[in-house]
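Here are my notes on the spaces inside this protein and on the ligand. Please read them with the model open beside you.

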Amino acid sequence: MRTIPHYINGVTVSAPGELPVFNPATGDITGRLPLPSTTVVDEVVAAARAAWLTWRQSSLSQRTNVLFALRHLLVQHTDELAALITSEHGKTIADAKGEIARGLENVEYACGVTEHLKGSFSSQVADGVDVHSFRESLGVVAAITPFNFPIMVPLWMTASALATGNAVILKPSERDPSVSVRLGELLTEAGLPAGVFNVLQGNAATVNQLLEHEGVDAVSFVGSTPVARHVYNVATEHGKRVQALGGAKNHMVVLADADLDIAADAAINAGYGAAGERCMAISVVVAVGDIADELVAKIAERADRLIVGPGDDPTSDFGPVITDEHRQRVLSYVTSPDPGITVVRDGSALSERTGFFIGPCLLDGVAPGMRAYDDEIFGPVLSVTRVATYADAVALINANPYGNGTAIFTRDGNAARLFSRQVSVGMIGVNVPIPVPVSSYSFGGWKNSLFGHSHIYGPEGITFYSRAKVVTTRWPLASESQIDLGFPRTR
Ligand code: NAD
């Protein structure tokens, strides 16, 4: 059994393993994770601060060179990284490669940092006076990430944070921590100086030490809503810049004019892909009008064809969920449903296997006030909610406390346009069930899906990880010497 190391100051640092790391497809413990002492937390922060003092002065071309080299290495090592992700997360190899590809986009965006960090210049704002602006790094960024995208979410944060001249301490999920260490090694191979990127393994206590540490300047967090709220509150109280992305309950509205086969395909892909463990997964299909019976039948028939198995078996459509505890929680929505729910498909029989498997589950008649609607289930459980009108669908979405993603399936362009303007949600798909923005736009939800105002990666990522300076300049002639106690005027 392996002990998973930290990655500090450009080298792996071993420590006695404590927390178990599982292979979810077998249920075996495959590694143990160290829990750092306060001394180790202080050491990693000190290493990051020292490295930042040099990295903040690095030229933009030096940073771009490192990011280009990282891009190349991520492509070169995709098979190895995907296998590592699958062994600890459980998702299929194809899905792990998809995650790497989406993370790679953020590295490519960050390669354009010379363009993204351009300041502005105004000549002659007053007589003989010019103004220019530029942005500088913040310092040490703590990047705290969830289990469900063990390399993509770290890359969402790391690419922009490094490009803007910060040092990073990544605290990955304790469930699938190994790929972060490989990311550290690849960054070193790409030419990043020691200490600029570090991986600190650990759990909630480790996170809390980082949130309160005076050597940490900013916190990027992605995870569940209660933890996101806690991270935002504690870190802002300690004077840090914070963005904290939380959980989700994403609705897919199907209008009566939609192609129901296309809508059913989309519900299957977005509901069961990665065993439903995506923050942009569709968890509620909202059937509008009298299409519900037909739509439910089409989804059920497709669900019956899905193959659930180990992520490294190329025939598997999706793999196990992350832990046995999570499997039990997810199954409780299906084995003890609220009154009024019809269990159309029950995937609990698969829980006889040794790994943490759940088959596709389909619940009909789900409504607000029921556990299956109110909770983020985060498993292969798709709910169907029936509403009479388009207006009811919008009201349902807007009354939900989450606002991460949503989608509408229709052939009516005007309805789609209205929908995108009327929903209180950050990311919207029109006939696109998982509308994760490309890297030149930023990712972020509304309401309980994001604490702080800054979305992550893309233009808002560059802004979040940097701060502005404005310089007002005058080169007076000696003959212009004068004393004037008035407030500076431009005219
Ligand atoms: P989680 O909140 O349990 O853990 C996330 C991180 O927080 C981990 O690094 C963990 O060690 C740490 N943590 C856990 N409990 C803590 C506590 N009490 N105090 C301080 N730190 C703590 O989330 P998870 O189960 O790893 O990931 C799944 C969740 O993440 C889902 O809710 C999902 O919707 C969400 N998510 C959101 C997005 C998004 O972009 N909005 C993306 C991916 C995942």
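1. Start with glutamate 376. One of its polar side-chain atoms lies 2.6 Å from an oxygen atom of the ligand. Keep in mind that this is a predicted model.

2. Two further contacts deserve a look. Lysine 171 also uses a polar side-chain atom, 2.8 Å from an oxygen atom of the ligand. Threonine 145 uses its backbone instead: an N or O atom there lies 2.8 Å from a ligand oxygen.

3. How much of the ligand does the protein bury? Taken alone, the ligand exposes 840 Å². The protein buries 86% of that area.

4. Where does the ligand sit? It takes up the space of the largest pocket.

5. Now the shell as a whole.

6. Rolling a probe the size of a water molecule over the atoms shows where empty space is left. In this structure there are two cavities of 30 Å³ or more.

7. The largest cavity holds about 150 Å³ of space. It is lined by 17 residues. Closest to its centre are Gly276, Ala281, Ser283, Ile377 and Phe378.

8. Which strands supply at least two residues each to the lining of the largest cavity? They are β14 (282–288) and β17 (381–387). By class, this lining divides into eight nonpolar, six polar and three charged residues.

9. The second largest cavity has a volume of about 30 Å³. Its lining consists of Arg102, Glu105, Asn106, Met152, Trp156, Val436, Pro437 and Tyr457. Five of these residues are nonpolar, one is polar and two are charged.

10. Which element gives the most to the lining of the second largest cavity? That is α4, with three residues. Both α4 (93–110) and α6 (152–163) supply at least two residues to this lining.

11. Last, look for Ile377 and Phe378, which are among the residues closest to the centre of the largest cavity.

Methods. Residues numbered from 1 in each chain as written. Predicted model: local features only at pLDDT ≥ 70, side-chain atom pairs only at ≥ 80, totals over all residues. Heavy atoms only, no water. 1 Å grid on protein atoms, 1.4 Å probe; cavity = no way out; pocket = protein on both sides within 12 Å on 5 of 7 lines; lining within 4 Å. Points joined across faces, edges and corners; volume = space filled by probe spheres on them. Helix = DSSP H or I, 4+ residues; strand = E, 2+ residues; numbered from the N terminus. Nonpolar A, V, L, I, M, F, W, Y, C, P; charged D, E, K, R; others polar. Polar contact = N/O pair within 3.5 Å; in protein donor to acceptor, adjacent residues only side chain to side chain. Areas by Shrake-Rupley, 256 points an atom, 1.4 Å probe, with all protein chains shown as cover. Sits in = over half its atoms within 2 Å of the grid points.
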